[in-house]
Amino acid sequence: MSGRLRVAGAKNSSLAVIAAAALAADRSVLENVPLCRDVMTILDILRALGAQAEFTAPGRLELDARDLTDHVAPYELCRQMRASIYVAGMLLARLGRAQVPLPGGCVIGSRPVDFHIRGFEALGAQVVTQHGFLKAHAPHLTATSYYEPRSSVGTTINLMLAASRIPGATVLQNAAREPEVVDTAVFLSMMGARVRGAGTSTITVEGTPDLRGAAYTIIPDRIEAGTYLIAAAATHGDVLIEDLIPEHVTALLAKLGEAGAVVEPEPTGVRVRAEGGLRPVDVDTAPYPGFPTDLHPQLAALLSVVSGRSTIRETIFERRFGYVDELRRMGAECRTEGDMVTITGVSYLSGAPVEAVDIRAGAALVVAGLQARGETQISRLENIDRGYEGLEEKLGALGARVQRVSG
Ligand code: UD1
């Protein structure tokens with residue numbers, strides 16, 4: 001593959017910032033919002049609660065939450081996506097009560113919401129989980145300190161949302177430091193809350209009941225960028241990924257460099273080239289700024305044809321290995337043991353019918369399919385569509401032959 005490619009706005013940031021926008025009985029305008037299925041799902045959830053939302057130009061979302069009065073989020077929509085739990089933090093802050101189905105989403109681990117619940121309780125909410133719903137009630141939330149049992153992106157964002165209308169300082173300790181947390185914090189500050197420390201492990205939120213709408217541009221999607229950087233290296237291509245924030249993909253760039261790809265910063269982005277053979281690497285996933293779990297499957301696909309033995313240790317999600325059986329169908333030699341996958345590079349993958357079992361597993365199969373001899377047919381495309389906007393157009397523009405086949 002060769003050419004240049006522009007990264008879309010961050011899906012995970014958008015989900016949080018859209019939920020944050022609904023905290024104010026006002027109108028917000030968000031730019032650089034990707035047109036992917038998870039974004040559509042959160043918008044449908046907010047519409048079901050009474051908000052209005054529409055795309056008025058590519059990437060430009062106008063959201064008006066003045067009429068958001070319902071506190072019961074619909075099961076059919078929430079079960080599709082784990083981030084629907086953000087609606088609970090938003091509703092608690094906005095209406096003092098929330099009834100949100102326990103979320104579904106990617107099948108990459110047990111992914112409970114116990115940290116979210118304990119955090120809401122620390123803020124003074126009464127929470128029960130009953131009949132598949134999280135029901136929370138708190139006429140008056142109170143500022144407090146909450147120590148997150150482990151660094152959790154979702155918990156940190158949800159508690160920032162819940163705290164954003166509480167006067168006084170809520171302190172979140174052991175907070176996640178991911179760029180999406182920072183993006184949400186910046187947006188909340190623009191809405192009128194005072195958020196300090198985002199990007200460190202202690203975040204202080206001084207809320208205000210007078211939150212207002214704001215205009216904001218979502219950061220670029222570091223996971224989408226990373227997926228294409230990996231795809232470029234995997235196909236021994238020469239691709240310039242534009243509009244990404246290079247610091248957000250430092251851990252990946254370091255690993256690609258270690259594997260022998262040439263990674264060069266350019267004024268408009270990052271260029272990746274891989275001419276000769278690549279070398280095996282060992283990777284541990286970790287919270288930001290470590291190697292992201294959301295790029296683990298794609299990297300595994302690349303390593304499956306790198307001569308020698310590579311390992312990836314998954315430290316965030318216990319069931320992230322759903323892609324392994326699919327890669328094996330294409331001839332990869334991957335063995336899982338506990339939290340580790342060992343990949344012994346084969347000389348080539350062969351195209352096969354495979355299944356995208358979750359978003360990033362699907363992205364890994366795209367990377368594998370681009371490397372494989374012959375045609376790869378990926379089913380359950382809806383999983384890839386949850387997180388990637390215009391995937392086939394973007395890859396097509398770089399020279400890959402990718403086609404969406406109906407039925
Ligand atoms: C978010 C991202 C996801 C990414 C992940 C880790 C969104 C919408 N999703 O997911 O793409 O892979 O961060 O970077 O932004 N945990 C609990 N109890 C809780 C909450 C989390 O045990 O109440 C555990 C999880 O099972 C996991 C770990 O904590 O093992 C970290 O999860 P977390 O950071 O919360 O991930 P998500 O916010 O779900």
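A polar contact is a pair of N or O atoms within 3.5 Å. Keep that cut-off handy as you work through this predicted model.

**Exercise 1.** Which atom of Arg 150 lies 3.4 Å from an oxygen atom of the ligand, and how much of the ligand does the protein bury?

*Solution.* 
Step 1. Look at Arg 150: a polar side-chain atom sits 3.4 Å from a ligand oxygen atom.
Step 2. Now turn to the area. On its own, the ligand exposes 740 Å², and 89% of that is buried by the protein.
Step 3. Asn 12 places a polar side-chain atom 3.2 Å from an oxygen atom of the ligand, while Pro 112 uses a backbone N or O atom, at 3.1 Å from a ligand oxygen.

**Exercise 2.** How many residues surround the ligand, and which classes do they belong to?

*Solution.* 
Step 1. Count the shell: 20 residues surround the ligand, and the closest are Arg 82, Asp 114, Ser 152, Asp 294 and Ile 316.
Step 2. Sort them by class: 8 are nonpolar, 6 polar and 6 charged.

**Exercise 3.** Where does the lining of the largest cavity come from?

*Solution.* 
Step 1. Find the cavity: the search gives 1 cavity of 30 Å³ or more, and the largest has a volume of about 50 Å³.
Step 2. Check the helices: helix 8 (222–234) and helix 9 (250–258) each supply at least two lining residues. Helix 9 gives the largest share, 3 residues.
Step 3. Classify the lining: 8 residues are nonpolar, 3 polar and 1 charged.

Methods. Residues are numbered from 1 along each chain as its sequence is written. This is a predicted model: local features need pLDDT of at least 70, side-chain atom pairs count only at pLDDT 80 or more; totals for chains, interfaces and linings use all residues. Side-chain values use heavy atoms; hydrogens and water are left out. On a 1 Å grid over the protein atoms alone, a cavity is a set of points where a 1.4 Å probe fits but cannot get out, and a pocket is an open set with protein on both sides within 12 Å along at least five of seven lines; lining residues have an atom within 4 Å of a point. Grid points are joined across faces, edges and corners, and a volume is the space filled by probe spheres set on the points. Helices (H or I, at least four residues) and strands (E, at least two) are DSSP runs, numbered from the N terminus. Ala, Val, Leu, Ile, Met, Phe, Trp, Tyr, Cys and Pro count as nonpolar, Asp, Glu, Lys and Arg as charged, and the others, Gly among them, as polar. A residue is near a molecule or strand if one of its heavy atoms lies within 4 Å of it. A polar contact is a pair of N or O atoms within 3.5 Å; within protein, one must be able to donate a hydrogen and the other to accept it, and residues adjacent in sequence count only if both atoms are side-chain atoms. Accessible areas come from the Shrake-Rupley method with a 1.4 Å probe; for residues, only the protein chains shown count as cover.
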